[in-house]
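Walk me through this structure, from the overall fold down to single residues.

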Amino acid sequence: MFTLIQLPYAQDALQPVISKETLGFHYGKHLQTYVDNLNKLIADTEFESLPLEEIAVKAQGGMFNNAGQILNHNLYFMQLAPAKENNAPVGRLAEAIDATYGNFGNFKAEFEKAGTTLFGSGWVWLSADKDGKLVITQETNAGNPLTKGLRPLMTMDVWEHVYYLDYQNRRAAHLQALWQIINWEEIERRYTEG
Ligand code: MN
């Protein structure tokens with residue numbers, strides 16, 4: 001039985017980047033629905049007692065879609081924090097981003113390009129491969145880098161439900177604004193502890 005994660009911030013804390021209204025729908029309605037659906041689908045099956053990560057890798061069809069969406073949204077919501085000026089990566093992750101992409105500006109440009117060129121619904125990810133090397137990938141619908149043997153570090157949701165209320169069709173503007181509310185301490189923790 002899975003439950004809705006608790007947000008580590010108030011529902012108006014990410015404004016003006018993400019409105020209270022968008023967060024209310026995204027977290028309170030969309031994510032809650034994925035949780036409710038998955039609980040119904042796994043009841044009395046071999047997946048009932050498995051951790052979410054395993055279901056998201058092993059399951060197919062509706063079970064994969066709902067488990068993947070919960071996993072993705074949990075990682076997404078837990079990596080956000082109130083907006084900060086000059087928000088930028090920290091520690092060993094900052095060093096790895098500079099070593100891989102040249103500098104944070106280049107990294108942001110490459111990540112945003114992956115987000116704007118992903119056709120339809122999906123997620124853009126920063127992950128680490130088995131050697132710790134950073135990679136950016138696009139995943140459609142409920143896709144997750146775990147299925148490719150990668151360790152997810154940071155993600156941006158590019159489903160329309162994320163940006164339509166606040167940015168209408170301007171996906172690129174939403175992605176650019178999101179950098180203000182990324183909790184780099186949390187991403188660094190995922191990178192160094194994984
Ligand atoms: Mn979403």
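Residues 24 or more positions apart account for 66% of the contacts in the protein chain with a separation of 6 or more; contact means heavy atoms within 4.5 Å. This is a predicted model, in which local features need pLDDT of at least 70, side-chain atom pairs count only at pLDDT 80 or more, and totals for chains, interfaces and linings use all residues. Residues are numbered from 1 along each chain as its sequence is written, and side-chain values use heavy atoms, with hydrogens and water left out.

The protein chain holds eight helices and three strands. These are DSSP runs, numbered from the N terminus: helices are H or I with at least four residues, strands are E with at least two. Their order along the sequence is α-α-α-α-α-β-β-β-α-α-α. The radius of gyration is 16 Å, close to the 16 Å that the globule rule gives for 194 residues, so the protein chain is as compact as a globular protein of that length. That radius is taken over C-alpha atoms, and the rule is 2.2 Å times the number of residues to the power 0.38. The C-alpha trace spans about 50 × 40 × 30 Å along its principal axes.

Of the 194 residues, 49% count as buried. Buried means under 20% relative accessible area, exposed over 50%, and partly exposed in between, with a 1.4 Å probe and protein chains only. The accessible surface comes to about 9,400 Å², and 51% of it belongs to carbon and sulfur atoms. Those areas come from the Shrake-Rupley method with a 1.4 Å probe; for residues, only the protein chains shown count as cover.

Now the metal. Which residues coordinate the manganese ion? They are His-26 (NE2), His-73 (NE2), Asp-157 (OD) and His-161 (NE2), at 2.0 to 2.2 Å. The donors follow the spacing H-x46-H-x83-D-x3-H along the chain. His-26 lies in helix H1 (residues 20-42) and His-161 in helix H6 (residues 160-167), so the pair ties together parts that are 135 residues apart in sequence. Both His-26 and His-161 are buried. Donors are N, O and S atoms within 2.8 Å of the metal (3.2 Å for Na, K and Ca); water is not among the atoms, so sites may look incomplete.

Stay with H6. Its buried residues are His-161, Val-162, Tyr-163 and Tyr-167. They pack against H1, H3, strand E3 (151-157) and helix H7 (171-178). After H6 comes Gln-168, with a positive phi near 50 degrees. Asn-169 sits in the loop between H6 and H7. It is exposed, at 57% relative accessibility. Not counting residues up to four places away in sequence, Asn-169 touches Tyr-163 and Tyr-164.

Next, helix H3 (residues 61-78), which contains Met-63. Met-63 is buried, at a relative accessible area of 13%. Leaving aside neighbours within four places in sequence, its contacts are Leu-38, Leu-41, Ile-42, Thr-45, Phe-47 and Ile-55.

Some backbone details remain. A cis peptide bond joins Gln-15 and Pro-16, with omega about 5 degrees. Pro-16 lies in the segment before H1. Asp-44 is not a glycine, yet has a positive phi of about 60 degrees. Asp-44 belongs to the loop between H1 and helix H2 (52-58), and is exposed, with a relative accessible area of 75%. Asn-86, also not a glycine, has a positive phi of about 50 degrees. Its place is the loop between H3 and helix H4 (91-101), where Asn-86 counts as exposed at 74% relative accessibility.
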